[in-house]
Amino acid sequence: MDDSVSDRARIGLVVNPAAGRDVRRLTGGASVVDNYAKRRVTECVLEGLTVVADAIEITAMPTRTGIVRDAFEESEVAGDAFPVGLLDVRPDGSAADTRRAAARFRETTDAVVVLGGDGTTRDVALEIASVPVVAVATGTNTVVPSPVDGTLAGVAAGLVATGAAPADDVATRHGTVEATVRPNDSGDERRLTALASAELSSRSFVGTRALLDPADLRGGVVSRAHPGDVGLSAVAGAVVSEPLGGDDPGGVAVRLGDPDRADRSVRAVVAPGVLATVGVESWSRLEPDDSVSFEIADDVVGADGERELEATEATVELRPLQDGPLLVDVERALEVGARRRGFDVDTERADRD
C-alpha cells in the first residue's frame, strides 16, 4: 500500500475457495457454495465497506482460484472508493494459506472479514489474536460464522475498523476446545484446537476428513450448544437444559452410544442435510479449563466436523478454553454505529459522542 494512505483503517479479507464444497454437501444433499457465489458475496462485502470508503484500505489473502482478484475487477467500488491489494504471498491451496494470512493481518489490520465455515474461522482464530473478526458463513459446517448478507458484513467491518462501532462494545471472545492426545505407550503428545466442537470418531483413519456417518461419532466437548447448530453442538443443544453460547464460559461434554441401548436418544442435525437419531449415554457441563478424558483404541480426533488426528491406544483429554477469536456481532455493530452517527454523510467522524 502507498504510504499516502497509511493513516487509513486497514481491513483484511480472507475467502476460502474450498469452504462449502466438501463431500458432505454431496452425500447430505445440502447446497454447494461454489466460487462464483463466494465472489458475489465478496463483491457485496466491498460494497458494504463504502459506508466508510474515505477512511479505509483493503488487503486480501490471494487464492489459487483468483476469487478475490476477480471480485476486485468486477466490483464497481474496489480501487476507486478505497485502495485494495493482495498480500504478497504465493498460495498453495491448503489451510496454511489462511493461517499465514491471519498471522500477517494480526500485525497490520484493524478488522478482518472471513468468508468460510468453522474450519476457516478456526484457522484464522489460531493466528489472529485480538483483531476483531466478521465471520460470514460460506462453508459446510457453519456453527460459528453468521449467515449474514455480505453487504451488512462489510458495513459492520468498516464501522468496527474505523472506531464508529468500537470492538469493545460489539465483539465477544468465542471459546475453543483443546484436545490433547496422549499415547498409552508414552509416545509424543499431540494437540488440536477446535472452535465449536472437538469430536471422537470410531473410524480408524482420516479418509475424506469430513464426518459422514453419525454412528461413528463417540462424543466430545463443545464450546457452544444449541439445537439450531450443526454437528456435535446440535446434539449437545438437544439435551442441555439451557443453550450455551459461544461467548459463555466453559463447555459441554457429551458421550454417545447406540441409540437402541442408550438411556436417551435425540434427533439432531449432525451434518448439512442430515438429521439423525443419536444415542446419548451422558452429558455434563464443564467450567473453563475443566477436562474430560476418553480412552480410545483405534479412533480419530476431529475438530468442527472434520477428522484430523488418527490415534491408537491413547487417552484423549478435552478442555474448553476462553481463548478464541474476537467475533463481531454484525447486528450489534450496526446499531452502535448508527447511534454514534457512523452512517452520517459529511459529518466529523471524530465527534460521535
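Student: Leaving aside neighbours within four places in sequence, which residues is Ser 223 in contact with?

Tutor: This is a predicted model, in which local features need pLDDT of at least 70 and side-chain atom pairs count only at pLDDT 80 or more, while totals for chains, interfaces and linings use all residues. Residues are numbered from 1 along each chain as its sequence is written, and side-chain values use heavy atoms, with hydrogens and water left out. Taking contact as heavy atoms within 4.5 Å, Ser 223 touches His 174, Gly 175, Thr 176, Val 177, Leu 195, Ala 196, Leu 244, Gly 245, Gly 246 and Gly 250.

Student: Is Ser 223 buried or exposed?

Tutor: Ser 223 sits in the loop between β10 and α8, where strands (E, at least two residues) and helices (H or I, at least four) are DSSP runs numbered from the N terminus. The C-alpha atoms of Ser 223 and Thr 176 are separated by 5.8 Å, although the two residues are 47 residues apart along the chain. Buried means under 20% relative accessible area, exposed over 50% and partly exposed in between, with a 1.4 Å probe and protein chains only. Because its relative accessible area is 0%, Ser 223 counts as buried.

Student: Which strands stand at the edges of the sheet?

Tutor: The open sheet has nine strands with antiparallel pairing, in the order β8-β7-β15-β14-β9-β10-β11-β13-β12, where two strands pair if DSSP finds at least two bridges between them. A strand with a single partner has one side left without a neighbour in the sheet, so the edges are held by β8 (190-194) and β12 (264-271).

Student: Which residue in β13 stands opposite Val 266?

Tutor: β12 pairs with β13 (residues 274-286) in the antiparallel sense, over seven bridges. Across from Val 266, the residue in β13 is Val 278.

Student: What angle does the direction of helix α8 make with that of β12?

Tutor: Helix α8 (residues 232-239) packs on the sheet, where it touches β9 (197-201), β10 (217-222), β11 (251-257), β12 and β13. Axes are lines fitted to C-alpha atoms, for helices over the stretch in contact, and angles run from 0 to 180 degrees between N-to-C directions. For α8 and β12, the angle is about 145 degrees.

Student: At what angle do the axes of α2 and α6 cross?

Tutor: In α2 (residues 35-48) and α6 (residues 150-162), the axes come within 6 Å. Val 41, Cys 44, Val 45, Glu 47 and Gly 48 in α2 meet Gly 150, Thr 151, Gly 154 and Val 155 in α6. The two axes cross at roughly 40 degrees.
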